[in-house]
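Open the model in your viewer and keep the selection tool at hand.

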Amino acid sequence: MSEQSRRPRKPGTSYRRPQKDPVRMLAFEALRAVDERDAYANLVLPPLLRRAREKAGPDKFDGRDAALATELVYGTLRWQGTYDAVIAECVDRPLREVDPPVLDVLSLGVHQLLGTRIPTHAAVSASVDLARVVLGDGRAKFVNAVLRKVAQDDLDGWLRRVAPPYDDDPEEHLAVVHSHPRWVVSALWDSLGGGRAGIEDLLEADNERPEVTLVARPGRATTEELLREESAVPGRWSPYAVRLAEGGEPGAVDAVRENRAGVQDEGSQLVALALANAPLDGPDKAWLDGCAGPGGKAALLAALAAERGAVLLASEKQPHRAGLVAKALAGNPGPYQVIAADGTRPPWRPGSFDRVLMDVPCTGLGALRRRPEARWRRRPEDLEGFAPLQRALLRTALESVRVGGVVGYATCSPHLAETRAVVQDVLKQYGDAVDVVDARPLLAGVTELGEGPDVQLWPHLHGTDAMYLALIRRTA
(Lines give C-alpha, C1' and ligand atoms only; values in the text may rest on other atoms or scores of the structure.)
Protein backbone atom coordinates (compact mmCIF):
# COMPACT_ATOMS: atom_id res chain seq x y z
CA MET A 1 0.00 0.00 0.00
CA SER A 2 1.57 3.28 -1.07
CA GLU A 3 2.18 5.92 1.57
CA GLN A 4 2.50 8.67 -0.99
CA SER A 5 -0.44 10.73 -2.16
CA ARG A 6 -2.30 8.87 -4.89
CA ARG A 7 -4.36 11.89 -5.84
CA PRO A 8 -2.42 14.79 -7.35
CA ARG A 9 -4.60 17.84 -7.21
CA LYS A 10 -5.76 19.60 -10.35
CA PRO A 11 -6.58 23.15 -9.29
CA GLY A 12 -9.27 24.84 -11.30
CA THR A 13 -10.93 21.63 -12.48
CA SER A 14 -14.72 21.91 -12.42
CA TYR A 15 -17.29 19.14 -12.30
CA ARG A 16 -20.88 19.13 -13.42
CA ARG A 17 -23.39 19.09 -10.61
CA PRO A 18 -26.08 16.42 -10.64
CA GLN A 19 -29.69 17.32 -10.13
CA LYS A 20 -30.42 14.09 -8.27
CA ASP A 21 -29.06 12.25 -5.22
CA PRO A 22 -27.85 15.27 -3.22
CA VAL A 23 -26.41 12.96 -0.54
CA ARG A 24 -23.80 11.34 -2.76
CA MET A 25 -23.05 14.56 -4.59
CA LEU A 26 -22.41 16.27 -1.26
CA ALA A 27 -20.08 13.43 -0.23
CA PHE A 28 -18.23 13.72 -3.54
CA GLU A 29 -17.83 17.50 -3.12
CA ALA A 30 -16.44 16.99 0.37
CA LEU A 31 -13.88 14.45 -0.81
CA ARG A 32 -12.81 16.72 -3.66
CA ALA A 33 -12.27 19.57 -1.17
CA VAL A 34 -10.16 17.28 1.03
CA ASP A 35 -8.08 16.15 -1.94
CA GLU A 36 -7.73 19.43 -3.81
CA ARG A 37 -7.50 22.00 -1.03
CA ASP A 38 -6.08 19.98 1.86
CA ALA A 39 -9.33 20.79 3.65
CA TYR A 40 -10.48 18.92 6.72
CA ALA A 41 -13.76 17.05 6.54
CA ASN A 42 -14.94 18.37 9.90
CA LEU A 43 -14.66 21.92 8.53
CA VAL A 44 -15.98 21.19 5.04
CA LEU A 45 -19.05 19.12 5.92
CA PRO A 46 -21.09 21.52 8.10
CA PRO A 47 -21.47 24.26 5.44
CA LEU A 48 -22.17 21.65 2.74
CA LEU A 49 -24.88 20.07 4.88
CA ARG A 50 -26.36 23.46 5.69
CA ARG A 51 -26.42 24.42 2.01
CA ALA A 52 -28.04 21.10 1.07
CA ARG A 53 -30.79 21.60 3.64
CA GLU A 54 -31.44 25.16 2.48
CA LYS A 55 -31.52 24.17 -1.19
CA ALA A 56 -33.67 21.04 -0.90
CA GLY A 57 -35.70 21.93 2.16
CA PRO A 58 -35.91 19.91 5.40
CA ASP A 59 -38.51 17.55 3.92
CA LYS A 60 -36.22 16.48 1.07
CA PHE A 61 -32.89 16.57 2.94
CA ASP A 62 -33.47 15.46 6.51
CA GLY A 63 -31.41 14.14 9.39
CA ARG A 64 -31.10 10.69 7.83
CA ASP A 65 -29.68 12.22 4.66
CA ALA A 66 -27.18 14.23 6.68
CA ALA A 67 -26.17 11.13 8.63
CA LEU A 68 -25.65 9.12 5.44
CA ALA A 69 -23.58 11.89 3.83
CA THR A 70 -21.44 12.14 6.96
CA GLU A 71 -20.92 8.37 7.07
CA LEU A 72 -19.97 8.25 3.39
CA VAL A 73 -17.36 10.98 3.79
CA TYR A 74 -15.79 9.86 7.05
CA GLY A 75 -16.01 6.16 6.23
CA THR A 76 -14.36 6.65 2.85
CA LEU A 77 -11.57 8.73 4.37
CA ARG A 78 -10.94 6.33 7.24
CA TRP A 79 -10.76 3.27 5.00
CA GLN A 80 -8.98 4.91 2.07
CA GLY A 81 -5.87 2.75 2.41
CA THR A 82 -7.80 -0.49 2.49
CA TYR A 83 -10.08 0.58 -0.36
CA ASP A 84 -7.07 1.63 -2.42
CA ALA A 85 -5.66 -1.88 -2.06
CA VAL A 86 -8.97 -3.38 -3.18
CA ILE A 87 -9.40 -1.01 -6.12
CA ALA A 88 -5.81 -1.69 -7.22
CA GLU A 89 -6.73 -5.36 -7.60
CA CYS A 90 -9.64 -4.44 -9.86
CA VAL A 91 -8.03 -2.01 -12.31
CA ASP A 92 -5.49 -2.62 -15.06
CA ARG A 93 -3.22 0.32 -14.27
CA PRO A 94 -1.42 1.83 -11.23
CA LEU A 95 -3.73 3.91 -9.05
CA ARG A 96 -1.61 6.99 -9.64
CA GLU A 97 -2.71 6.83 -13.30
CA VAL A 98 -6.40 6.92 -12.38
CA ASP A 99 -7.81 10.46 -12.25
CA PRO A 100 -8.39 11.62 -8.66
CA PRO A 101 -12.10 12.41 -9.19
CA VAL A 102 -12.62 8.91 -10.56
CA LEU A 103 -10.89 7.46 -7.49
CA ASP A 104 -13.17 9.49 -5.24
CA VAL A 105 -16.28 8.10 -6.93
CA LEU A 106 -14.83 4.59 -6.81
CA SER A 107 -13.93 4.91 -3.13
CA LEU A 108 -17.42 6.15 -2.28
CA GLY A 109 -18.83 3.15 -4.11
CA VAL A 110 -16.45 0.70 -2.44
CA HIS A 111 -17.36 2.05 0.98
CA GLN A 112 -21.03 1.52 0.25
CA LEU A 113 -20.28 -2.05 -0.88
CA LEU A 114 -17.85 -3.09 1.84
CA GLY A 115 -18.48 -0.72 4.74
CA THR A 116 -22.26 -0.19 4.90
CA ARG A 117 -25.49 -2.18 4.71
CA ILE A 118 -26.55 -0.53 1.47
CA PRO A 119 -27.67 -3.29 -0.94
CA THR A 120 -25.16 -4.17 -3.63
CA HIS A 121 -27.33 -3.18 -6.56
CA ALA A 122 -28.16 0.18 -4.95
CA ALA A 123 -24.52 0.92 -4.12
CA VAL A 124 -23.36 0.18 -7.67
CA SER A 125 -26.28 1.94 -9.36
CA ALA A 126 -26.00 5.08 -7.25
CA SER A 127 -22.23 5.27 -7.79
CA VAL A 128 -22.56 4.85 -11.55
CA ASP A 129 -25.25 7.54 -11.65
CA LEU A 130 -22.96 9.87 -9.74
CA ALA A 131 -20.09 9.07 -12.10
CA ARG A 132 -22.25 9.75 -15.13
CA VAL A 133 -23.12 13.22 -13.86
CA VAL A 134 -19.73 14.34 -12.52
CA LEU A 135 -17.38 12.39 -14.80
CA GLY A 136 -19.28 11.60 -18.00
CA ASP A 137 -20.60 8.45 -19.61
CA GLY A 138 -17.24 6.99 -20.60
CA ARG A 139 -15.75 7.01 -17.15
CA ALA A 140 -19.08 5.94 -15.66
CA LYS A 141 -18.66 2.67 -17.56
CA PHE A 142 -15.21 2.26 -16.01
CA VAL A 143 -16.67 2.86 -12.53
CA ASN A 144 -19.40 0.32 -13.20
CA ALA A 145 -16.91 -2.35 -14.30
CA VAL A 146 -14.64 -1.84 -11.27
CA LEU A 147 -17.45 -1.82 -8.72
CA ARG A 148 -18.95 -4.99 -10.14
CA LYS A 149 -15.60 -6.70 -9.55
CA VAL A 150 -15.46 -5.34 -5.99
CA ALA A 151 -19.01 -6.58 -5.33
CA GLN A 152 -17.93 -10.17 -5.95
CA ASP A 153 -16.59 -10.47 -2.40
CA ASP A 154 -17.14 -8.96 1.05
CA LEU A 155 -14.60 -7.00 3.11
CA ASP A 156 -13.19 -10.04 4.92
CA GLY A 157 -12.72 -11.83 1.64
CA TRP A 158 -10.93 -8.89 0.10
CA LEU A 159 -8.66 -8.50 3.13
CA ARG A 160 -7.58 -12.11 2.78
CA ARG A 161 -6.61 -11.30 -0.81
CA VAL A 162 -4.91 -7.92 -0.46
CA ALA A 163 -3.29 -8.01 3.01
CA PRO A 164 -0.12 -10.05 3.52
CA PRO A 165 -0.28 -12.65 6.29
CA TYR A 166 0.50 -11.25 9.73
CA ASP A 167 3.37 -13.68 10.26
CA ASP A 168 5.02 -12.62 6.99
CA ASP A 169 4.79 -8.84 7.49
CA PRO A 170 3.01 -7.73 10.67
CA GLU A 171 3.16 -3.99 10.01
CA GLU A 172 1.89 -4.18 6.43
CA HIS A 173 -0.83 -6.62 7.45
CA LEU A 174 -2.07 -4.20 10.11
CA ALA A 175 -1.70 -1.25 7.74
CA VAL A 176 -3.96 -2.81 5.10
CA VAL A 177 -6.47 -4.46 7.45
CA HIS A 178 -6.90 -1.35 9.62
CA SER A 179 -6.30 1.30 6.95
CA HIS A 180 -3.34 3.22 8.39
CA PRO A 181 -0.07 4.10 6.63
CA ARG A 182 2.63 1.64 7.55
CA TRP A 183 4.83 4.28 9.18
CA VAL A 184 1.95 5.32 11.44
CA VAL A 185 1.36 1.70 12.48
CA SER A 186 5.05 1.38 13.32
CA ALA A 187 5.12 4.61 15.33
CA LEU A 188 1.97 3.80 17.30
CA TRP A 189 3.24 0.31 18.01
CA ASP A 190 6.48 1.74 19.39
CA SER A 191 4.56 4.15 21.60
CA LEU A 192 2.40 1.35 22.97
CA GLY A 193 5.43 -0.77 23.77
CA GLY A 194 4.66 -3.85 21.67
CA GLY A 195 2.06 -6.59 21.69
CA ARG A 196 -0.42 -7.39 18.92
CA ALA A 197 -3.62 -7.00 20.94
CA GLY A 198 -2.89 -3.42 21.99
CA ILE A 199 -2.02 -2.12 18.54
CA GLU A 200 -5.03 -3.81 16.94
CA ASP A 201 -7.33 -2.34 19.61
CA LEU A 202 -5.86 1.12 19.00
CA LEU A 203 -6.14 0.93 15.21
CA GLU A 204 -9.73 -0.28 15.52
CA ALA A 205 -10.51 2.62 17.87
CA ASP A 206 -9.04 5.06 15.34
CA ASN A 207 -11.63 3.83 12.84
CA GLU A 208 -14.61 4.28 15.14
CA ARG A 209 -16.77 7.37 15.05
CA PRO A 210 -16.07 9.35 18.24
CA GLU A 211 -18.85 10.63 20.43
CA VAL A 212 -19.39 14.36 20.71
CA THR A 213 -18.07 15.53 24.09
CA LEU A 214 -19.07 18.83 25.67
CA VAL A 215 -17.40 20.78 28.45
CA ALA A 216 -19.38 22.79 30.99
CA ARG A 217 -17.23 25.86 31.57
CA PRO A 218 -17.03 26.54 35.32
CA GLY A 219 -18.98 29.56 36.49
CA ARG A 220 -20.95 29.63 33.23
CA ALA A 221 -22.63 26.23 32.87
CA THR A 222 -22.99 22.99 34.81
CA THR A 223 -22.98 19.36 33.83
CA GLU A 224 -26.45 19.08 35.35
CA GLU A 225 -27.72 21.57 32.78
CA LEU A 226 -26.04 19.74 29.91
CA LEU A 227 -27.30 16.37 31.07
CA ARG A 228 -30.85 17.54 30.45
CA GLU A 229 -30.11 17.37 26.72
CA GLU A 230 -31.39 14.39 24.75
CA SER A 231 -28.93 11.44 24.68
CA ALA A 232 -26.57 13.24 27.09
CA VAL A 233 -24.59 11.07 29.53
CA PRO A 234 -21.81 11.97 31.99
CA GLY A 235 -18.21 11.99 30.83
CA ARG A 236 -15.96 9.13 31.84
CA TRP A 237 -13.25 11.09 33.61
CA SER A 238 -13.61 14.88 33.63
CA PRO A 239 -16.09 16.38 36.12
CA TYR A 240 -16.97 18.97 33.47
CA ALA A 241 -17.57 16.51 30.59
CA VAL A 242 -20.89 15.43 29.10
CA ARG A 243 -21.14 13.08 26.11
CA LEU A 244 -23.83 13.16 23.46
CA ALA A 245 -24.02 9.40 23.16
CA GLU A 246 -26.19 9.26 20.03
CA GLY A 247 -24.28 11.81 17.98
CA GLY A 248 -26.34 14.81 19.02
CA GLU A 249 -25.91 18.20 17.38
CA PRO A 250 -23.93 20.48 19.73
CA GLY A 251 -25.21 23.58 17.95
CA ALA A 252 -28.68 22.74 19.23
CA VAL A 253 -27.53 22.99 22.87
CA ASP A 254 -28.38 26.36 24.41
CA ALA A 255 -25.23 26.50 26.56
CA VAL A 256 -23.04 25.86 23.50
CA ARG A 257 -24.78 28.53 21.42
CA GLU A 258 -24.36 30.96 24.31
CA ASN A 259 -20.65 30.09 24.69
CA ARG A 260 -21.14 28.86 28.25
CA ALA A 261 -20.17 25.36 27.15
CA GLY A 262 -18.11 24.05 24.26
CA VAL A 263 -17.15 20.98 22.30
CA GLN A 264 -13.97 19.56 23.79
CA ASP A 265 -12.52 16.06 23.87
CA GLU A 266 -12.22 14.67 27.36
CA GLY A 267 -8.48 14.14 26.94
CA SER A 268 -8.07 17.86 26.28
CA GLN A 269 -10.08 18.63 29.40
CA LEU A 270 -7.92 16.30 31.50
CA VAL A 271 -4.72 18.02 30.36
CA ALA A 272 -6.05 21.43 31.43
CA LEU A 273 -7.34 20.07 34.74
CA ALA A 274 -4.06 18.34 35.57
CA LEU A 275 -2.12 21.56 35.07
CA ALA A 276 -4.67 23.56 37.06
CA ASN A 277 -4.53 21.09 39.97
CA ALA A 278 -0.77 20.53 40.09
CA PRO A 279 0.69 21.54 43.49
CA LEU A 280 2.55 24.85 43.59
CA ASP A 281 4.99 26.53 45.92
CA GLY A 282 4.02 30.18 46.41
CA PRO A 283 1.40 32.39 44.76
CA ASP A 284 -1.10 31.22 42.16
CA LYS A 285 -2.22 34.36 40.34
CA ALA A 286 -0.84 34.34 36.79
CA TRP A 287 -1.45 31.57 34.26
CA LEU A 288 -0.31 31.27 30.63
CA ASP A 289 -1.58 29.24 27.72
CA GLY A 290 1.29 29.68 25.29
CA CYS A 291 -0.25 27.92 22.24
CA ALA A 292 -3.88 28.75 22.88
CA GLY A 293 -5.57 28.28 19.51
CA PRO A 294 -8.30 27.42 18.83
CA GLY A 295 -9.23 28.05 22.47
CA GLY A 296 -10.75 24.96 24.08
CA LYS A 297 -8.13 24.46 26.78
CA ALA A 298 -7.78 28.22 27.24
CA ALA A 299 -11.50 28.60 27.91
CA LEU A 300 -11.44 25.89 30.58
CA LEU A 301 -8.25 27.24 32.13
CA ALA A 302 -9.59 30.79 32.18
CA ALA A 303 -12.74 29.64 33.97
CA LEU A 304 -10.75 27.64 36.53
CA ALA A 305 -8.39 30.58 37.03
CA ALA A 306 -11.32 32.91 37.63
CA GLU A 307 -12.57 30.67 40.44
CA ARG A 308 -9.25 31.17 42.24
CA GLY A 309 -8.80 34.85 41.52
CA ALA A 310 -6.08 34.16 38.97
CA VAL A 311 -5.74 35.64 35.47
CA LEU A 312 -5.02 33.73 32.26
CA LEU A 313 -2.96 35.15 29.41
CA ALA A 314 -3.82 33.24 26.23
CA SER A 315 -1.21 33.65 23.49
CA GLU A 316 -1.53 32.40 19.92
CA LYS A 317 0.84 33.11 17.04
CA GLN A 318 -1.68 33.19 14.20
CA PRO A 319 -3.99 36.24 14.41
CA HIS A 320 -7.02 34.41 13.01
CA ARG A 321 -6.57 31.64 15.58
CA ALA A 322 -6.13 34.26 18.30
CA GLY A 323 -9.54 35.52 17.19
CA LEU A 324 -10.98 32.04 17.78
CA VAL A 325 -9.44 32.04 21.26
CA ALA A 326 -10.99 35.41 22.04
CA LYS A 327 -14.36 34.08 20.91
CA ALA A 328 -14.02 31.00 23.13
CA LEU A 329 -13.12 33.13 26.17
CA ALA A 330 -15.79 35.78 25.65
CA GLY A 331 -17.98 35.93 28.73
CA ASN A 332 -15.43 34.35 31.08
CA PRO A 333 -16.43 35.13 34.68
CA GLY A 334 -13.04 36.63 35.54
CA PRO A 335 -10.38 38.77 33.87
CA TYR A 336 -8.24 37.38 31.06
CA GLN A 337 -6.18 38.57 28.11
CA VAL A 338 -5.74 37.24 24.57
CA ILE A 339 -2.76 38.27 22.44
CA ALA A 340 -1.28 37.27 19.07
CA ALA A 341 2.39 36.51 19.76
CA ASP A 342 5.13 34.10 18.69
CA GLY A 343 5.73 31.70 21.58
CA THR A 344 9.38 31.30 20.58
CA ARG A 345 9.89 35.09 20.96
CA PRO A 346 7.57 35.92 23.84
CA PRO A 347 6.73 39.53 24.68
CA TRP A 348 6.42 38.80 28.42
CA ARG A 349 9.23 38.77 30.95
CA PRO A 350 10.86 35.53 32.12
CA GLY A 351 9.42 34.07 35.29
CA SER A 352 6.11 35.90 34.92
CA PHE A 353 3.75 32.98 35.46
CA ASP A 354 2.79 30.46 38.12
CA ARG A 355 1.30 27.93 35.69
CA VAL A 356 2.12 27.51 32.00
CA LEU A 357 0.49 25.23 29.45
CA MET A 358 2.31 24.62 26.17
CA ASP A 359 0.17 22.43 23.90
CA VAL A 360 2.57 22.42 20.98
CA PRO A 361 1.89 22.06 17.24
CA CYS A 362 2.32 18.41 16.22
CA THR A 363 1.40 15.79 13.64
CA GLY A 364 -2.02 15.26 15.26
CA LEU A 365 -1.70 11.47 15.16
CA GLY A 366 -3.63 11.34 18.42
CA ALA A 367 -6.82 12.65 16.80
CA LEU A 368 -7.18 10.31 13.83
CA ARG A 369 -10.71 9.40 14.92
CA ARG A 370 -11.79 12.99 14.35
CA ARG A 371 -9.55 13.83 11.41
CA PRO A 372 -9.17 10.60 9.44
CA GLU A 373 -7.65 12.37 6.45
CA ALA A 374 -4.65 13.38 8.58
CA ARG A 375 -3.28 9.85 8.50
CA TRP A 376 -2.87 10.08 4.72
CA ARG A 377 -1.70 13.69 4.71
CA ARG A 378 1.10 13.37 7.24
CA ARG A 379 4.56 12.04 6.31
CA PRO A 380 7.46 10.83 8.51
CA GLU A 381 9.48 13.87 7.48
CA ASP A 382 6.87 16.13 9.12
CA LEU A 383 8.36 15.10 12.46
CA GLU A 384 11.62 16.80 11.54
CA GLY A 385 9.75 20.01 10.83
CA PHE A 386 7.95 20.05 14.17
CA ALA A 387 10.90 18.98 16.33
CA PRO A 388 12.77 22.32 16.59
CA LEU A 389 9.55 24.24 17.24
CA GLN A 390 8.38 21.83 19.93
CA ARG A 391 11.69 22.10 21.77
CA ALA A 392 11.79 25.87 21.44
CA LEU A 393 8.26 26.21 22.84
CA LEU A 394 9.03 23.97 25.81
CA ARG A 395 12.12 26.08 26.56
CA THR A 396 9.96 29.20 26.39
CA ALA A 397 7.52 27.63 28.85
CA LEU A 398 10.30 26.79 31.29
CA GLU A 399 11.72 30.30 31.04
CA SER A 400 8.27 31.84 31.46
CA VAL A 401 7.39 30.09 34.73
CA ARG A 402 8.71 31.32 38.05
CA VAL A 403 10.71 29.15 40.44
CA GLY A 404 8.18 26.92 42.19
CA GLY A 405 5.74 27.14 39.29
CA VAL A 406 4.60 24.33 37.00
CA VAL A 407 4.73 23.80 33.22
CA GLY A 408 2.51 21.41 31.30
CA TYR A 409 3.94 20.16 27.99
CA ALA A 410 1.16 18.62 25.89
CA THR A 411 0.69 17.20 22.40
CA CYS A 412 -2.18 15.56 20.55
CA SER A 413 0.23 12.92 19.30
CA PRO A 414 1.54 9.75 20.94
CA HIS A 415 4.60 9.62 18.68
CA LEU A 416 7.66 9.26 20.92
CA ALA A 417 9.56 11.79 18.83
CA GLU A 418 6.96 14.42 19.80
CA THR A 419 6.50 13.42 23.43
CA ARG A 420 9.18 11.90 25.64
CA ALA A 421 12.04 12.65 23.24
CA VAL A 422 11.24 16.38 23.34
CA VAL A 423 10.90 16.47 27.12
CA GLN A 424 14.08 14.48 27.72
CA ASP A 425 16.14 16.58 25.30
CA VAL A 426 15.05 19.90 26.77
CA LEU A 427 15.31 18.88 30.41
CA LYS A 428 18.95 17.88 29.88
CA GLN A 429 19.69 21.58 29.40
CA TYR A 430 18.19 22.49 32.78
CA GLY A 431 19.67 19.83 35.04
CA ASP A 432 18.67 20.32 38.69
CA ALA A 433 16.70 23.49 37.87
CA VAL A 434 13.65 21.39 36.98
CA ASP A 435 11.79 18.44 38.43
CA VAL A 436 9.28 16.22 36.63
CA VAL A 437 5.98 15.93 38.52
CA ASP A 438 4.05 12.66 38.52
CA ALA A 439 0.96 13.62 36.53
CA ARG A 440 -0.98 10.42 37.17
CA PRO A 441 -2.52 11.36 40.56
CA LEU A 442 -3.80 14.58 38.99
CA LEU A 443 -5.99 12.60 36.59
CA ALA A 444 -8.24 11.34 39.36
CA GLY A 445 -9.92 8.03 38.64
CA VAL A 446 -8.31 7.55 35.22
CA THR A 447 -6.96 4.02 34.89
CA GLU A 448 -4.15 2.42 32.88
CA LEU A 449 -1.83 5.42 32.92
CA GLY A 450 1.38 3.44 32.78
CA GLU A 451 4.52 3.85 34.83
CA GLY A 452 4.60 7.66 34.75
CA PRO A 453 5.61 10.27 35.63
CA ASP A 454 4.21 11.52 32.31
CA VAL A 455 0.81 10.48 30.97
CA GLN A 456 -0.26 9.11 27.62
CA LEU A 457 -4.00 8.78 26.99
CA TRP A 458 -5.35 6.39 24.34
CA PRO A 459 -8.60 6.09 22.36
CA HIS A 460 -8.88 2.34 22.98
CA LEU A 461 -8.15 2.57 26.72
CA HIS A 462 -9.68 5.88 27.75
CA GLY A 463 -12.10 6.81 24.97
CA THR A 464 -10.20 10.06 24.41
CA ASP A 465 -7.85 11.45 21.82
CA ALA A 466 -4.27 10.24 22.35
CA MET A 467 -3.19 13.26 24.39
CA TYR A 468 0.25 13.35 26.02
CA LEU A 469 1.13 15.38 29.13
CA ALA A 470 4.34 15.96 31.06
CA LEU A 471 4.28 18.23 34.14
CA ILE A 472 7.53 19.97 35.06
CA ARG A 473 8.21 22.12 38.16
CA ARG A 474 10.84 24.86 38.00
CA THR A 475 13.02 24.42 41.08
CA ALA A 476 15.79 26.96 40.49
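How many of the 11 residues of strand β9 are buried? Bear in mind that this is a predicted model. Select residues 401-411, which form β9. Of these, 10 are buried, so the strand is largely enclosed by the rest of the structure.

Select residues 353-359 for strand β8. β8 and β9 run parallel and are joined by 6 bridges. Find F353, then look across to V401 in β9, which stands opposite.

Next, select residues 468-474 for strand β12. β12 runs antiparallel to β9, again with 6 bridges. Here V407 faces I472 of β12.

Move on to the helices. Select residues 100-114 for α5 and residues 120-134 for α6. Their axes lie 9 Å apart, at an angle of about 170°. That angle makes the two helices, α5 and α6, roughly antiparallel. The crossing of α5 past α6 is right-handed. To see where they meet, show V105, L108, G109, Q112 and L113 on the α5 side. Among their partners in α6 are T120, A123, S127 and A131.

Now for the cores. The largest nonpolar core has 59 residues. L26, V73, V105, L106, L114, V143 and V150 touch the most other members. Helix α1, residues 22-37, gives the most to this core, with 9 residues. Another core, of 43 residues, lies apart from it and includes V271, L301, C362 and V446.

Finish on V143. Beyond its neighbours within four places in sequence, V143 is in contact with V102, V105, L106, S127, A131 and L135.

Methods
Residues are numbered from 1 along each chain as its sequence is written. This is a predicted model: local features need pLDDT of at least 70, side-chain atom pairs count only at pLDDT 80 or more; totals for chains, interfaces and linings use all residues. Side-chain values use heavy atoms; hydrogens and water are left out. Buried means under 20% relative accessible area, exposed over 50%, partly exposed in between (1.4 Å probe, protein chains only). Helices (H or I, at least four residues) and strands (E, at least two) are DSSP runs, numbered from the N terminus. Two strands pair if DSSP finds at least two bridges between them. A nonpolar core is a set of buried Ala, Val, Leu, Ile, Met, Phe, Trp, Tyr and Cys residues joined through side-chain atoms within 4.5 Å. Contact means heavy atoms within 4.5 Å. Axes are lines fitted to C-alpha atoms, for helices over the stretch in contact, and angles run from 0 to 180 degrees between N-to-C directions. Angles under 35 degrees count as roughly parallel, over 145 as roughly antiparallel, 65 to 115 as roughly perpendicular and the rest as oblique. A crossing is left-handed if the near helix is turned anticlockwise from the far one by less than a right angle, and right-handed if clockwise.
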